[in-house]
Amino acid sequence: MVVTVPNKKEKTTFERRRQIFDTAIHLFIEKGVVATSMREIANAVGITTGGLYHFVKSKDEIIRMVTENSMFAHEAVKNLRKSLTNVTPTEVFRACVKCWLTVPPGALEQTAFLDREKVHMEPDVQEAVSDTVRDLIQFFEDLINDGIKAGEFEVDNVTLVAFNTYMLRGLYATRQWFLKDLFTPEDFATQQTNAILKQILVDRTKL
C-alpha cells in the first residue's frame with residue numbers, strides 16, 4: 001500500500017479549513033446560522049472575507065462538512081460491532097453504547113450543532129442526517145434484539161430504548177455546560193451504559 005504524504009501547501013489548506021470549520025460551528029451555536037455572516041467567520045479566523053471564500057464557498061458548505069464529519073461517529077460504532085467476535089450480546093451492546101456515548105471534546109460542538117440547527121440545512125442534507133439517525137437507531141434495535149433472542153435482555157419497547165440510547169449523545173453535547181462539572185465524557189458514557197443495561201438485563205449480576 002502506498003501512503004501519500006500531503007505536501008506543505010496541502011497540509012496548510014487542511015489546517016485552515018479545519019480552523020474555519022471549528023470557528024464557524026462555535027459561532028453558529030452562539031448566534032445561530034442565519035445571524036452569522038461569512039464576514040464574522042472570517043474575522044474570527046483572522047483572515048479576509050476574500051480569503052475565507054478561497055477555502056469555503058458558503059455557510060452551506062460548512063454545514064455539509066459538519067454533517068459528513070458527524071457520520072464518522074456512526075461508522076465508528078458500526079465498525080466496532082464488526083470487530084467484536086466471540087462475545088455475548090450484552091458485551092457487544094455495552095461496548096457499542098459506551099463508544100457512542102463517549103463524545104470527544106472536539107465533537108461536542110458539532111453534535112450540539114446538528115441537534116439544534118437541522119432546520120437551517122439544505123433539504124438534501126436534512127434528509128441525509130435523518131437517514132443516518134434512523135439507521136443508527138435501527139442498529140441499536142438490532143443489538144437489543146440480539147440480546148432478547150439470546151435470553152439476556154427483556155425489553156417492552158425495543159424502539160424506545162434504542163431511540164433513547166441514540167439521544168443521550170446529544171444530551172451530553174447540548175447540556176455540557178452543566179454535565180461537564182459532574183462527569184467526564186467517559187464517566188457519562190460508562191454510567192449511562194450501565195443504567196440502560198440495568199433496565200434491560202435479565203440477570204443483573206452481569207452488570
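**Helices and pockets of a predicted model**

Buried residues account for 40% of the 207 residues in the chain. The model is predicted.

Me: How many helices and how many strands does the chain have?
Reply: Read along the sequence, the pattern is α-α-α-α-α-α-α-α-α-α. The C-alpha trace spans about 60 × 45 × 35 Å along its principal axes. The count is 10 helices and 0 strands.

Me: What percentage of the contacts with a separation of 6 or more joins residues 24 or more positions apart?
Reply: A contact here means heavy atoms within 4.5 Å. Counting contacts in the chain with a separation of 6 or more, the share from residues 24 or more positions apart is 68%.

Me: Which element gives the largest share of the lining of the largest pocket?
Reply: The largest pocket holds about 480 Å³ of space. Elements that give two or more residues to its lining are α4 (59-83), α6 (105-116), α7 (123-149) and α8 (158-174). The largest share is 6 residues, and it comes from α4.

Me: Which residues lie nearest the centre of the largest pocket?
Reply: The lining of this pocket has 22 residues. By class they divide into 11 nonpolar, 7 polar and 4 charged. Nearest the centre lie Ser-70, His-74, Thr-111, Leu-114 and Tyr-166.

Me: Which elements give two or more residues to the lining of the second largest pocket?
Reply: The second largest pocket has about 160 Å³ of space. Its lining residues are Phe-14, Arg-17, Arg-18, Phe-21, Met-65, Glu-68, Asn-69 and Phe-72. The elements that give two or more of its residues are α1 (8-31) and α4.

Me: How many charged residues are in the lining of the second largest pocket?
Reply: Asp, Glu, Lys and Arg count as charged. The lining includes Arg-17, Arg-18 and Glu-68. Beside 4 nonpolar residues and 1 polar residue, the number of charged residues is 3.

Me: Is Thr-205 buried or exposed?
Reply: Thr-205 lies in the segment after α10 (185-200). The cut-off for exposed is over 50% relative accessible area. At 69% relative accessibility, Thr-205 therefore counts as exposed.

Me: What distance separates the C-alpha atoms of Thr-205 and Ala-189?
Reply: Thr-205 and Ala-189 are 16 residues apart along the chain. Thr-205 itself sits in the segment after α10. The separation between the two C-alpha atoms is 20 Å.

Methods: Residues are numbered from 1 along each chain as its sequence is written. This is a predicted model: local features need pLDDT of at least 70, side-chain atom pairs count only at pLDDT 80 or more; totals for chains, interfaces and linings use all residues. Side-chain values use heavy atoms; hydrogens and water are left out. On a 1 Å grid over the protein atoms alone, a cavity is a set of points where a 1.4 Å probe fits but cannot get out, and a pocket is an open set with protein on both sides within 12 Å along at least five of seven lines; lining residues have an atom within 4 Å of a point. Grid points are joined across faces, edges and corners, and a volume is the space filled by probe spheres set on the points. Helices (H or I, at least four residues) and strands (E, at least two) are DSSP runs, numbered from the N terminus. Buried means under 20% relative accessible area, exposed over 50%, partly exposed in between (1.4 Å probe, protein chains only).
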